[in-house]
Amino acid sequence: MSDHSKSSPLKTYFSVWAALLVGTFLTYKAAYIELGRFNAAVALTIATVKALLVVLFFMHLKGAGERLLKLVVIATVFFLFILLVLSMADYSTRGWS
């Protein structure tokens, strides 16, 4: 029988939900902290962690094979890197007055 028939305990779901709420609150608070060019980088990093939590627990990737998990983590970090590089390139080429 497949491992997908097992459901995660309710306590785990509520813990992940609470972590997502904390991540949302951190994103909100980070928006009001003056970090210069790194405001977008901090927000994208928090969003990536939240997306990883959703993928691991709510999409049941945590119980999947190790190779699939590594692929998802590498792809997540790769796309975060692309978003950060393109965002920083945009900010560095703007003419701020």
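Across the whole structure, a search finds 2 salt bridges. A salt bridge here is a side-chain nitrogen of Lys or Arg within 4 Å of a carboxyl oxygen of Asp or Glu. The structure is a predicted model, in which local features need pLDDT of at least 70, side-chain atom pairs count only at pLDDT 80 or more, and totals for chains, interfaces and linings use all residues. Residues are numbered from 1 along each chain as its sequence is written, and side-chain values use heavy atoms, with hydrogens and water left out.

Confidence is given as pLDDT, the predictor's confidence in each residue, from 0 to 100. The chain has a mean pLDDT of 84. In 90% of its residues the value reaches 70 or more. Among the elements of the chain, helix H1 (residues 10–31) has the highest mean, 94. H3 has the lowest, 86. Where pLDDT is low, the predicted coordinates should not be read in detail.

Helices (H or I, at least four residues) are DSSP runs, numbered from the N terminus. Helix H3 covers residues 66–93, 28 residues in total. From its first C-alpha to its last, H3 reaches 41 Å, close to the expected 40 Å. The expected span is 1.5 Å times one less than the number of residues. Val72, Leu80, Leu84 and Ser87 of H3 are buried. Relative accessible area sets the classes: buried is under 20%, exposed over 50%, and partly exposed in between (1.4 Å probe, protein chains only). The buried residues of H3 pack against helix H2 (39–58), contact meaning heavy atoms within 4.5 Å.

Glu66 is exposed, at 58% relative accessible area. Arg94 forms a salt bridge with Asp90, with the closest N and O atoms 2.8 Å apart. Both partners are partly exposed: Arg94 has a relative accessible area of 43%, and Asp90 one of 33%.

Rings of Phe, Tyr and Trp (its six-membered ring) pair if their centres lie within 6.5 Å; planes under 30 degrees apart count as stacked, over 60 as edge-to-face and the rest as tilted. By this rule there are 4 aromatic pairs. Phe14 and Trp17 form an edge-to-face pair, 6.3 Å centre to centre, with 80° between the planes. Both lie in helix H1, 3 residues apart, about one turn of the helix. Trp17 is partly exposed, at 47%. Phe78 and Phe79 also pair edge-to-face, at 5.4 Å and 70°. Phe78 is partly exposed, at 47% relative accessibility.

Methods
Helix = DSSP H or I, 4+ residues; strand = E, 2+ residues; numbered from the N terminus.
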